[in-house]
Amino acid sequence: MKWFDYAAPRSLAEAVNLLAGNPRARPFAGGTDLLVQMRAGLREADLLVDLKHIPELNELACDSAGNLRLGAAVPCCRIYENQEVRRRWPVLAEVAEMIGGIPIQSRASLGGNLCNAAPSADSVPVMIVLGAVCRLVGPGGERKVPAEEFCTGPGQTVLRPGELLVGFDIPAPEPRSGACYLRFTPRKEMDIAVAGAAAAVALEDGLIRRASIALAAVAPTPLAVPEAGRFLAGKPPSPENIRTAAEMARAAARPITDMRGTAEHRRHLVGVLTRRALEAAVRRAAEVNS
Amino acid sequence: MRGEKVRVQTTINGQAVEFLCEPRQSLLECLRDIVGLTGAKEGCNDGNCGACAVILDGRLVNSCLMLGVEAQGCQITTIEGLARGTELDPIQRAFLEQGAVQCGFCTPGLILATKVLLERVPEPDESQIRRWLANHLCRCTGYDKIVRAVKQAAAQLRGVRA
């Protein structure tokens with residue numbers, strides 16, 4: 001790796017100053033993607049700004065309304081070890097346990113997974129279906145961006161020069177709601193999704209009140225499929241309706257062929273995964289009494 | 001500013017250790033090339049093989065995937081910290097007795113992974129063991145003997161603790 005300097009600011013203001021004052025500075029959290037990419041010469045930096053000592057980036061707590069505030073640098077292990085997360089947002093704990101393996105999960109964060117902006121990022125479809133909002137801060141102040149609008153292309157995000165992701169606001173789960181993320185990988189651990197699908201549903205009087213679906217590794221960015229959610233709203237969670245929604249996800253996918261799979265295989269997978277994720281989300285919603 | 005090395009204060013295997021490193025040096029490079037602890041191995045250098053794993057503040061990490069400067073103020077355990085003199089740790093003994101060591105390159109990482117696993121899950125089932133060891137590649141043993149060694153170590157440690 002080429003020479004770079006390192007700074008570990010203790011406050012957001014200090015971090016923003018460092019990032020805004022140097023166009024070749026990069027935010028740095030778990031480092032499990034960034035260090036590999038820098039070693040391979042894919043990304044360069046003159047200064048790494050370590051965000052792990054900033055209180056806001058380490059937040060993992062519920063506010064008085066029951067919404068989750070998740071700091072961008074919180075490592076996966078803290079997310080899946082948190083009992084409140086496991087109980088109220090099991091899909092979030094599951095996806096944190098799915099990324100890499102144990103030593104990766106000690107460092108890697110969901111903020112990093114989002115900012116790395118890989119189309120195959122497992123946690124991004126989950127953030128989208130949970131309705132997560134990203135809190136950003138930069139030289140121009142703060143702004144909020146819905147998770148589904150954050151990635152703009154492979155490795156590309158809405159982050160402006162000098163701006164950083166502070167964390168996620170994840171709304172409290174609705175009554176009788178459930179969510180699930182499924183992916184296809186040759187290996188269970190230490191692998192990258194060939195395709196993935198996240199689904200969240202809320203039920204009311206035997207009907208789907210609200211549904212959202214988002215896909216991994218079948219487009220240049222993690223992909224929300226709002227038309228499938230609109231189709232399901234107000235309908236019973238019947239096998240036919242779920243099949244139709246899965247077909248809509250399959251049609252929305254714009255996969256490519258690469259070393260992990262062909263476009264045709266991915267399109268097939270994402271239909272199957274969406275159907276199964278919806279079925280599991282409905283099962284979970286029906287089990288929840290709150 | 002460019003070109004300045006950084007002084008890092010850590011505790012390694014219970015001893016206060018201070019070292020001077022470049023910000024770009026991984027913790028693995030710092031341990032092996034500066035501190036002189038060569039138990040952690042460089043395999044893939046990108047987080048896939050687990051040969052470089054060490055315990056940092058109670059958690060297993062790939063030392064190739066973090067910078068030495070990030071270890072400021074941290075407690076680190078490497079494989080060198082397990083045996084007491086000539087007395088092996090029960091996990092090390094179990095690996096030897098089960099034939100879970102052949103070339104030995106992956107062994108430090110696997111033993112440290114086992115240590116963290118058994119601290120958190122004293123009686124792991126086979127799927128838990130395999131999940132905890134999934135970030136560690138072994139090209140010799142076929143893993144079965146490693147899984148048996150973890151089970152033996154778990155049983156012995158439960159006996160010791162009971």
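Here is a walk through the model, going from domains to the chain interface and then to a few helices.

A word on the ground rules: this is a predicted model, where local features need pLDDT of at least 70, side-chain atom pairs count only at pLDDT 80 or more, and totals for chains, interfaces and linings use all residues. Residues are numbered from 1 along each chain as its sequence is written, while chains are lettered from A and ligands numbered from 1 in the order in which they are written.

Let's start with chain A. Its domain assignment gives domain 1 (10-47 + 58-170) and domain 2 (177-287), with bounds of this kind coming from an automatic or database domain assignment. The C-alpha centres of these two domains of chain A sit 23 Å apart. Where they touch, 20 residues of domain 1 of chain A are in contact with 24 residues of domain 2 of chain A (contact means that the C-beta atoms, placed from the backbone, lie within 7 Å). On the domain 1 side, helix H5 (90-98), helix H8 (123-129) and strand E8 (151-153) of chain A each bring at least two residues. Helices (H or I, at least four residues) and strands (E, at least two) are DSSP runs, numbered from the N terminus. H8(A) has the largest share of that side, with five residues.

Now for the partner chain. Here 26 residues of chain B are in contact with 21 residues of chain A. From chain B, strand E4 (59-62) and helix H4 (126-132) each supply at least two residues of the side touching chain A, and E4(B) gives the most, four residues.

In general, a packed helix pair is described by the angle between the axes and the distance between them. The axes of H10 (residues 239-252) and H11 (residues 263-287) of chain A come within 8 Å and cross at roughly 145 degrees; axes are lines fitted to C-alpha atoms, for helices over the stretch in contact, and angles run from 0 to 180 degrees between N-to-C directions. Among the residues making this contact are A:Ile242, A:Ala246 and A:Ala249 of H10(A), and A:Val270, A:Gly271 and A:Leu278 of H11(A).

Finally, turn to helix H2 (residues 90-97) of chain B. Its buried residues are B:Pro90, B:Ile91, B:Gln92, B:Ala94 and B:Phe95, where buried means that 20 or more other C-beta atoms, placed from the backbone, lie within 10 Å of the residue's own. After H2(B) comes B:Gly99, with a positive phi near 65 degrees.

Technical notes. Contact = placed C-beta atoms within 7 Å. Buried ≥ 20, exposed ≤ 12 C-beta atoms within 10 Å, placed from the backbone.
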